[in-house]
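Me: Please take a close look at one part of this model. I would like one connected account that starts there and then widens to the whole chain.

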Amino acid sequence: MHILGIDAGTTGVTVGVYDENGNLVAKSYSEFETYYPQPGWVEQDAEHWWNSIIDACRQAVKIANASDSITAIAVANQRETIVPVGKDGEPISRAIVWQDRRCKEEVELIRERIGEERVAEITGLKPDPYFSLPKILWWMRHTDVIEKSWKLMLVHDYIVYKLTGEVVTDYSNASRTMLLDLHSRKWCDEIAEEFNFDISLLPDLVNSGEVVGEIRGNVAEKLGISSNPVVVAGGGDQQCSALAQGVVDEGSVKSTTGTGTFMVAPVERIRDYGDIIYSAHVLPDVNVGEVSIFTTGSLLSWIKKAFYHSEGYDVINEEAEKSGRGARGVFILPFFSGAGCPHWNSEAKGAIFGLTLAHNRGDIARAVMESVAFEVRTNIEVMEKKGIKIEEFRLDGGAANSRLWNQIFADVTGRRCLVSSDVEATARGAAILAASGSDNFSGIYDALETFLPEFTEVMPSEDGRKVYEEIYSRYVQLRDANLKTC
C-alpha cells in the first residue's frame with residue numbers, strides 16, 4: 001500500500017509517495033510559471049498546475065515503483081488563489097494568485113458596505129487583497145469573467161475536479177475566501193447578497209479527509225498509476241503542514257517558511273478579532289489563529305537570483321553565517337508584496353537599510369533571515385496578547401533546511417524550536433488526509449499517529465538572545481517609522 005500526497009504550492013508541485021508506516025518513499029517536484037502582467041498583479045495558468053501534477057506524480061510513482069499500489073490521493077494547496085472555469089471544464093482566464101495586490105478598491109468597498117468588524121465576526125478574516133472575495137469583486141467590476149463562469153475554483157478544487165469530475169472544496173480552503181461563515185460552516189448569503197454574487201458558483205463543501213470519488217477516465221494512466229485509488233478531500237497548505245507537525249491542540253504553533261511565512265496555532269475558542277485572522281483547521285470543527293508574512297523565502301530566492309546566480313543555498317548560508325548577528329548593520333523590511341499580520345498594510349514596500357561600500361552579499365542574505373525572524377517574534381507577541389497559548393514552536397518549510405536560519409529563529413524568539421525531520425510537511429499533511437480516507441485507517445488522528453515525523457530540538461543561545469534583544473528593538477523602531485509613511 002502507498003499513499004500519494006500532493007502539495008500544489010505557489011511556485012510548483014511537490015508529490016510525496018508514502019508507505020503504510022508513514023515513511024517517505026519517493027518525492028518529486030515540478031515547477032510552473034507565474035506571470036506579472038502589471039506591477040502588483042500575480043497570475044498563473046491553471047492548466048500549468050495540472051501539467052505539473054502529471055509530471056511530478058509520474059516521476060514520484062516511478063521512483064517509488066508504486067504504480068499498482070497507490071490506494072489514496074489528497075491535495076494540499078496554495079490558498080486564496082482562484083480560477084474561473086467554464087461549463088466545458090476549461091479555465092476562462094488565468095487564476096489570480098494570493099500574492100496579487102490589484103484589489104485595493106474592492107477591499108475598500110468591502111469595508112464600506114459590510115464593515116471590517118462584521119467581516120471578522122462572520123469569516124474570521126480582515127478585508128485584504130490576500131483573500132478570494134476581493135479578487136472575485138475585481139472580476140465582477142472590470143471584466144465579464146464571472147458572467148461566463150460555471151464555477152469558481154480554488155487550486156485544490158481545480159485539481160480534484162481534474163482528477164474526479166467532482167466540484168468540492170474543504171472547509172480549511174473555503175475559510176480563506178471571505179465567503180464562508182466560520183461559525184455555521186456554510187457559504188455566507190449575507191456577504192454574497194450584498195455584492196449580488198451568485199453563491200452557486202462556489203463548490204460544494206466537504207470535510208477534509210472525506211472521500212470525494214475515484215479517478216476518472218484515463219487520468220490514472222496519465223499520472224503513471226495502474227491501481228484505482230480514491231481521491232480524498234485535502235486542505236489548505238498551512239493547515240496541512242500544521243497537521244503533519246502534530247499541531248492539533250492549543251499550546252503548539254507551527255511556522256512554515258516557504259514563499260512566505262505562515263504561523264498557525266489551534267485555538268479552543270476565538271477570543272478577539274483584530275490583528276490576527278482565524279480559519280478552519282483540516283480537523284473537523286477546529287479553528288486556528290493565523291498570521292502571515294507574505295515575502296520571506298521568496299525574498300531569499302530573489303537575493304539568490306540577484307547576487308548568487310548559479311551558486312547554491314549552501315554558499316548563501318556559509319556567507320550569511322560569516323556576516324554575524326546583526327548583519328553588520330544591514331536591516332531589511334520584508335514587505336516586498338505588502339505587509340501581512342499584524343500590520344495589514346497592502347501599500348507597504350520592501351526596503352534595505354544601512355548599506356555601505358563595505359557590505360557584501362552575505363550581509364544582505366543574513367539580514368533577510370533576521371528580518372523574517374523579527375516578524376515571527378512580533379507575531380508571537382501579538383498571538384500571546386490575544387490569549388493564545390504558545391508552549392511549542394515547530395518549524396518546517398524550505399527554510400528549515402538551514403541550520404543557521406533555525407538558530408536565528410530560536411535566538412530572536414527566545415524559544416525552543418522543534419524542526420521537523422520532514423520539512424516538506426505540506427505534502428505529508430495531504431498524505432495523512434489521504435490515508436485517513438482509505439480503508440487502512442479509522443480517521444485523521446489514527447493516520448497522524450503513524451505519519452508523525454521525528455523532530456530535532458534547537459535551543460536559543462544565551463549570547464544570541466542578548467545580542468538580538470537590542471537589534472530587534474532597533475528593527476522595530478525602523479519598521480514602525482517606515483510603515484507610518486506608507
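Reply: I352 counts as partly exposed, because its relative accessibility is 31%. The cut-offs are these: buried means under 20% relative accessible area, exposed means over 50%, and partly exposed lies in between, with a 1.4 Å probe and protein chains only. This is a predicted model: local features need pLDDT of at least 70, side-chain atom pairs count only at pLDDT 80 or more, and totals for chains, interfaces and linings use all residues. Residues are numbered from 1 along each chain as its sequence is written, and side-chain values use heavy atoms, with hydrogens and water left out.

I352 sits in strand β21, residues 351-353. Helices (H or I, at least four residues) and strands (E, at least two) are DSSP runs numbered from the N terminus. Areas come from the Shrake-Rupley method with a 1.4 Å probe; for residues, only the protein chains shown count as cover.

Now the loop between β20 (331-333) and β21. P342 is found there. The peptide bond from C341 to P342 is cis, with omega near -10°.

Two other loops hold residues with positive phi. N196 lies between α8 (189-194) and β13 (204-206). Its phi is near 55°, and N196 is not a glycine. N196 counts as exposed, because its relative accessibility is 68%. D285 is in the loop between β18 (277-280) and β19 (287-293). D285 is not a glycine either, yet its phi is about 60°. At 69% relative accessibility, D285 counts as exposed.

Last, the whole chain. It has 17 helices and 24 strands. Its C-alpha trace spans about 60 × 55 × 45 Å along the principal axes. Buried residues make up 64% of the 486. The chain exposes about 18,200 Å², and carbon and sulfur atoms supply 44% of that area.
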